[in-house]
Amino acid sequence: MTSAQVINPATEQVVTTIEAADQAATDAAIARAQRALTSWRQVAPGDRARLLRRFAEAVDADLERLAGLEVTNAGHTIGNARWEAGNVRDVLHYSAGMPERLLGNQIPVVGGVDITFHEPLGVVGVIVPWNFPMPIAAWGFGPALAAGNTVVLKPAELTPLTAIRLAELALDAGLPEHVFQVVTGKGSVVGQRFVTHPAVRKVVFTGSTEVGKQIMAGCAEQVKRVTLELGGKSANIVFADADLEKAAATAPYAVFDNAGQDCCARSRILVQRSVFDRFLELLEPAVQGVRVGDPADAATEMGPLISAAHRDRVAGFLEPSTKVAFTGSRPDGPGFWFAPTVVLPASPADRILTEEVFGPVVAVLPFDDEADAIRLANDTEYGLSGSLWTSDVGRALRVSRAVEAGNLSVNSHSSVRYWTPFGGFKQSGLGRELGPDAARAFTETKNVFIATD
Ligand code: NAD
């Protein structure tokens, strides 16, 4: 075991020091999870449901503390952090409805009865990034536990505090020991061990596309199940017939929320050429109106970036030749601040259009017609989310069907809903989380034929 410092990104102060597990400690946690599996999968569906409901209630009772931890550890605004803790509670309540509804089929056959079962996979390893530590963890562990699996979860090195608290709450709520364990440490040690350890039967990974590819290749070695939620470069398409005022007023929040550290950030705004200048005129005051500052202040809309290294990375996208249209504000003094920034890219090959910045930088570019908008929206290796603004219902549906992305929003920028499926096309991911089929992703279908003759 070694240890790592946890830093408050709004103040640059050390918050605490956390143990970093080595391979032996990770193996021990996986072994405990494997032992806990035998009894957990046999818990009656109604009892498993009740335990998950109690876990949800424990999270609800602890909501302010969890939110406070995220403000301190990740620099999330208190409003967002409360939503995130509430999302964990809601995902757990939703998951509590799953054990009793994990229905199989009875399939007509001759000479017997044929039935299917959804068997738990075993130990599930969940690897979480630093941008939304609480919700992303819960989208994995809620349905996985509901389906009768045990879970080992690795939070990101930078943001372990809420995951550690959630594991305590699970025990307080009565979940049996070792059914849900949090193992803090490095991705290359703990996360990698989830990939290579044969007792871990599925890896749920959310993070960068680069690491996701390595996880997928590693899992192939044991034909290990994998869900990947990776990067994004989503488009916000504004047609000339849209409510331009509303589109411009909401566009900053669709990309600068969580300081742009959001896989669903609409970081490319595509605007029909005939209204391009008008849209920029409306966008400028909206961007300047984003309240950037102390994340603990309830009026704040955007906090700092997660770390000094990440701020340097984001700043690296703004080259001397980059045309910055306008920026919002940022506080002075300590903290990893970065002002909301609107860029007019010089060409379609500009890095700002092709790479995920993962910070508060948005590129705005014009398009000519519907076909051009679809072509530009799909001109990316990613396909996670997107929005489109139009008053033409037919166009809304045509464009929604044509954009290659997993989560689209018309005349709005909807965030993730736990009862609808979430995931990416192309290199944004593999598989889906949340929604009515969430528990199925943590099961194997078994077919049993019973002869009656
Ligand atoms: P990252 O890929 O660096 O790390 C993610 C997690 O993987 C961390 O816990 C890290 O410790 C672990 N990890 C790193 N190397 C590993 C390895 N070799 N083996 C196993 N685990 C390893 O990503 P990040 O910088 O923490 O997060 C930002 C990225 O996450 C962005 O690209 C963002 O788009 C993506 N993301 C995607 C979604 C989605 O649902 N699609 C949601 C949030 C974030």
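Here is a short chat about the ligand in this predicted model and the residues around it.

Student: Which pocket does the ligand sit in?
Tutor: Think of a molecule as sitting in a pocket if more than half of its atoms lie within 2 Å of the pocket's grid points. The ligand passes that test here, and its spot is the largest pocket.

Student: Okay, and which residues come nearest to the ligand?
Tutor: Being near means having a heavy atom within 4 Å. The ligand has 28 residues around it, and the ones that come nearest are Val128, Glu157, Ser208, Leu230 and Glu356.

Student: How far is the polar side-chain atom of Ser208 from an oxygen atom of the ligand?
Tutor: We're looking for N or O pairs within 3.5 Å. For Ser208, the distance is 2.6 Å.

Student: How much of the ligand's accessible area does the protein cover?
Tutor: On its own, the ligand has 850 Å² of accessible area. Of that, the protein covers 88%.

Student: What about the shell by class: how many residues are charged?
Tutor: Sort the shell by class and you get 15 nonpolar and nine polar residues. The charged ones number four.

Student: Which domains does the shell draw at least three residues from?
Tutor: Helix 7 (187-196), strand 8 (200-206) and helix 8 (209-220) each supply at least two shell residues. By domain, at least three come from each of domain 1 (2-230 + 428-451) and domain 2 (235-416).

Notes. Residues numbered from 1 in each chain as written. Predicted model: local features only at pLDDT ≥ 70, side-chain atom pairs only at ≥ 80, totals over all residues. Heavy atoms only, no water. Polar contact = N/O pair within 3.5 Å; in protein donor to acceptor, adjacent residues only side chain to side chain. Areas by Shrake-Rupley, 256 points an atom, 1.4 Å probe, with all protein chains shown as cover. 1 Å grid on protein atoms, 1.4 Å probe; cavity = no way out; pocket = protein on both sides within 12 Å on 5 of 7 lines; lining within 4 Å. Helix = DSSP H or I, 4+ residues; strand = E, 2+ residues; numbered from the N terminus. Nonpolar A, V, L, I, M, F, W, Y, C, P; charged D, E, K, R; others polar. Domains from an automatic or database assignment.
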